[in-house]
Amino acid sequence: MSDKKLVLVIDDDPDILESIKAILNGNGYETVTALNGEEGLKAFKAKKPDFILCDMMMEKVDEGIIVANAIKQLDEKIPIFLLSS
């Protein structure tokens, strides 16, 4: 079993998603990615990450906030960092 922290990255921009993934992997983290809120919720349930980086504004206005709230309903202790450009 790996000692690396697992990070879930949720962003609808594939370029940003891959950039964040490369930075995290280069710094010793494992990553799982999702291109929208629905995929992010599924990945959260399946992978149980240590923390989450989530874009605030995706295809739908406030999608990131809605996803963060849904995840907090499932696990109130999970750290979630909302990103905005």
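Author: I20 is buried, with a relative accessible area of 16% (buried means under 20%, exposed over 50% and partly exposed in between, for a 1.4 Å probe and protein chains only). The model is predicted, so local features need pLDDT of at least 70 and side-chain atom pairs pLDDT 80 or more, whereas totals for chains, interfaces and linings use all residues. Residues are numbered from 1 along each chain as its sequence is written, and side-chain values use heavy atoms, without hydrogens and water.

Leaving aside residues up to four places away in sequence, I20 touches V9, L53 and L83, where contact means heavy atoms within 4.5 Å. T33 lies 13 residues from I20 along the chain, and their C-alpha atoms are 9.6 Å apart.

Helix α2 also has a buried side, formed by G37, G40, A43 and F44. These residues fall within an arc of 120° seen down the axis of α2, so they line one face of the helix (the arc is that of the directions from the helix axis to the C-beta atoms). They pack against β1 (6-10), β2 (30-34), β3 (51-55) and α3. Turned away from that side are the exposed residues E38, K42 and A46.

Between α2 and α3, G37, E38, L41, F44 and K45 meet E63, V67, A70, I71 and L74.

Terms used: Helix = DSSP H or I, 4+ residues; strand = E, 2+ residues; numbered from the N terminus.
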